[in-house]
Amino acid sequence: MYLTEEQKTIKELEANWTWVPNWTDSSNANTAGKIVHFTRHVNLSSRPTKSVLHFSADTRYKLYVNGMHVAVGPTRSSSLIWYYDTLDIAPYLKEGQNKIQFVVVRYFTAWRSAMPFARTALPGLTVTGKIETGQDVIDVASSNNWMAWVDESIQFPMALADDVFLHISERIIPTNPGPAVNPIAYGLRTLNGDIPLWHLRPRSIPMPESTPAVVETIRACHSAIDASNWTAFFANDHSLALQANSTHILEVQADVHSTAFLRWAFKAAKSTSRIRLKVTYSEGYELEPRSYPFFRSKADRLNASVGHIIGPYDEVILNLPNTETVIYEPFWFRTFRLLRIEINVGSEPIELVSFGATQVNYPMAVKAGWKEPGDAHSKEIWDVSIRTMRNCMFDGYSDCPFYEQLQYSGDSRSVGLFHYLLSGDDRLMRQAITNFAASVTPEGLTQSRFPSHVPQIIAGFSLYWILQVCDHHLYFGDTRFARSFLPRIDGILDFFDTHVDELGLVSGLPGVVWQYVDWVTTWGATDDHPDKGVPTSGRESNRHTYFSMLYAWVLQKVASLVHDVGRPGHAAEYEARAESLIVAIRTHCYDGKFFTDSTADVADELSYSQHCQVFAVLCGAARAEDSVRILTESFTNERFSKCSYMMRFYAFRALSLAGEDLYESFWERMWAPWRGMLANNLSTWEEDDVRQRSDCHAWGSVPIYEYCTELAGVQPVAAGSSKISFKPRLRLTGELEAKVALGEDNLATISWKVSGNEKIVEFRLEKAVEVISRLPGGKEEEHGVVDHLSFVFKD
């Protein structure tokens, strides 16, 4: 049978899954998993010309070649789609003896731990490929000539208050290494349409990029060695000699919030010694928590005089043989702004050889740019927004990297849009969309976070996944890709249609579905209603207006999508459903002045939110003549439950729809939370201001979208960015120079400056497309296919 090269590679990988014999996928110790080392020694007569390997592991691997860390993976996978990596390791090989090593962490499948690290029923490593020199071709498949041993010294403890999701914190107590053994090949075969245990696909995103993280500011030092010498050590200027039986406690600050692999090197100075190292990781100094770890109290993140370091920690004991350098590198990257380091030296002096922190992120390759001389904060807001996104992008769109590293469809919908505008890169979002599509549950909804070892369904997040598909088609125009998801989209819409009640509203959602809307102070858990983030009004009736509004809005978006992709048959039905919902919302969820969180007949003082005013405008339930009023009142009156940073993205969309003047009147006040975070010395945007759990969450990078699409005024209005709208908000700033990515291969450059009592406006495209423009107070103008426009604006 003819096989493509990709199919041949997958077949070889399937045949080479191996693991250590006599494995038990659990432990009597308090650990979520174990580390297994796989090693292959290769003697080469000359440096290789090529050495392309394909490999994957369950659960995660780190690849070292001759001691150098060269890869980590696979990218986040599930039993439905498991990715493999391909890398030419020839640059890391040499003439003579070479060591290829995979360090694999296996998280136990039966335990509800390490949620971001989905795994299958079996552990495994698979490697295929050849090392080619001028004289030899050496097969390095994992089923032959590899040795492996289980590292019993490392534990990943569970049931810790500050590690509910990840279980990456390490405890190490030295143990004698177990014997190295030959791994056993599983010999798995699939016939007659059997789905493999690991349904392999090639990696669809690039490998992460690595850059040095600067971690060298000493904030506190309790050590016989002065702070200046510690500073020099962390700056890699020199090593440090630590006396026997000495103790050293430091607080060290990174320049900015970091997601980095750490590497420590120690050496006994004269004879065998031992070291105990404890490193606590924190995103900033914080006040006494309200309820640790989920409800925190934070102010100035760099103010050590009133705050202290709280967070997860690694605690390791290492034996240091005579003059032999010992490396400690936590398996997974660490998230931090501050480190509290405690070192206890054994009975003999040691040398602290080096410390390294390597920042790792998805290679975002930012094309966009921002320069706004009239706003003292805009450049910093722009930079912090990008940094926040980077730190939440490793092998997926993660929520807070400090606590969860889970990919949620509701979060990643807006973050994906920010990514498009910055880079014109859709690979990470294509992976996300594809994975969410594979996660469909028997209810017909996609899982809300995926891949995840623990499944979860959030009611509205399947609808946000649909918006991801719509957005992708708008920006990139991949019709075949969008069409492939239409059956699943229709299934999700049908789920909501089956839950439309006699009032014409969405209600009665099953108990397994979390009806989360937003993090709001007054929407906490109770004994009767333990789910958080759910509007209080409607809990008893199981009827929340927000879901009817969101469903109606998404129906309208999908009606446009099916027209654009040449499948218009359902468009009229979707539009009719949306109109019916809007009529029901106006009839039952509007009290004559404002939209209520549930039906108006059960409304009390806690039944009014900014959210329902925002989504009433977005879905069209709010009539044009009411939109300005309900938005203005809800964003200036304290009685309305407030939108979080995530929901402010949708608030901005509603303000924009409601009118040019309204959006601009709210411009300054809407950025107050972001300016407040800068004043508190955050270098990334916090998750929310209700719980203050985490200081890094990419849904807070809303400024990217507002700056690019509203202030600079550039956004696509036809599939594949084939038509661009240019509607700059010239009244909001005196001068501007900006660049905005539009799809994969286009870039808009926007500028304006003051000349007398006029503004000279320039708009350029790298690739000519249709453009429609409107200046403030003016009319829309069609320009046809152009790559350059000039305007003179006089207010």
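**Notebook: loops, a helix and a domain interface**

I began with P21, which counts as partly exposed because its relative accessibility is 25%. The model I am reading is predicted. I located P21 in the loop between β1 and β2. Leaving aside residues up to four places away in sequence, I found P21 touching V181, N182 and I184.

I next looked up S27, which lies in the loop between β1 (18-19) and β2 (33-44). Is S27 buried or exposed? S27 has 19% relative accessibility and therefore counts as buried, as the cut-off for buried is under 20%. The side chain of S27 reaches the backbone nitrogen of A29 at 3.0 Å. Beyond four places in sequence, S27 touches K34, F108 and W111.

**Helix α1**

I turned to α1, residues 5-15, and listed its buried residues as T9, I10, L13 and E14. These residues lie on the same side of α1, because they cover an arc of only 135 degrees around the axis. The general rule is that an α-helix has 3.6 residues a turn, so residues three or four places apart point the same way. I noted E5 and K11 as exposed residues on the face of α1 turned away from its buried side. Against which strands do the buried residues of α1 pack? They pack against β3 (52-58), β6 (82-88), β8 (124-132) and β14 (200-202).

**Backbone geometry**

I checked two cis peptide bonds. One joins G73 and P74, with omega about -10 degrees, and P74 lies in the loop between β5 (68-73) and β6. Another joins F450 and P451, with omega about -10 degrees; I placed P451 in the loop between α5 (427-437) and α6 (461-476).

I also looked up two asparagines with positive phi. For N145, phi is near 65 degrees, a positive value in a residue other than glycine. N145 sits in the loop between β9 (137-139) and β10 (147-151), and its relative accessibility of 59% is why I record N145 as exposed. For N245, phi is near 60 degrees. I found N245 in the loop between β17 (240-242) and β18 (247-268); N245 is exposed, with a relative accessible area of 59%.

**Domains**

The domain assignment gives domain 1 (5-152 + 174-205), domain 2 (211-361), domain 3 (376-686 + 704-710) and domain 4 (723-794). An unreviewed UniProt entry annotates residues 375-605 as "domain: Alpha-L-rhamnosidase six-hairpin glycosidase". I found that span to be 48% helix and 0% strand, with its end C-alpha atoms 39 Å apart.

For the pair of domain 1 and domain 3, the C-alpha centres lie 40 Å apart. I recorded 24 residues of domain 1 in contact with 20 residues of domain 3. Between them the two domains bury about 1,700 Å², of which 58% is on carbon and sulfur atoms. On the domain 1 side, R76, M115 and I205 lose the most area to domain 3, together 41% of what that side buries.

**Helix α14**

My last entry concerns W667 in helix α14 (residues 660-670). W667 counts as buried because its relative accessibility is 3%. Not counting residues up to four places away in sequence, W667 touches E706, Y707, L711 and L732. From W667 to L655, 12 residues apart in sequence, I read 9.7 Å from C-alpha to C-alpha.

Methods:
Residues are numbered from 1 along each chain as its sequence is written. This is a predicted model: local features need pLDDT of at least 70, side-chain atom pairs count only at pLDDT 80 or more; totals for chains, interfaces and linings use all residues. Side-chain values use heavy atoms; hydrogens and water are left out. Helices (H or I, at least four residues) and strands (E, at least two) are DSSP runs, numbered from the N terminus. Buried means under 20% relative accessible area, exposed over 50%, partly exposed in between (1.4 Å probe, protein chains only). A polar contact is a pair of N or O atoms within 3.5 Å; within protein, one must be able to donate a hydrogen and the other to accept it, and residues adjacent in sequence count only if both atoms are side-chain atoms. Contact means heavy atoms within 4.5 Å. The arc is that of the directions from the helix axis to the C-beta atoms. UniProt positions are given in the numbering used here, feature names are shortened, and annotations may be inferred rather than shown by experiment. Domain bounds come from an automatic or database domain assignment. Buried area is the accessible area (1.4 Å probe) that two parts lose on being put together, summed over both.
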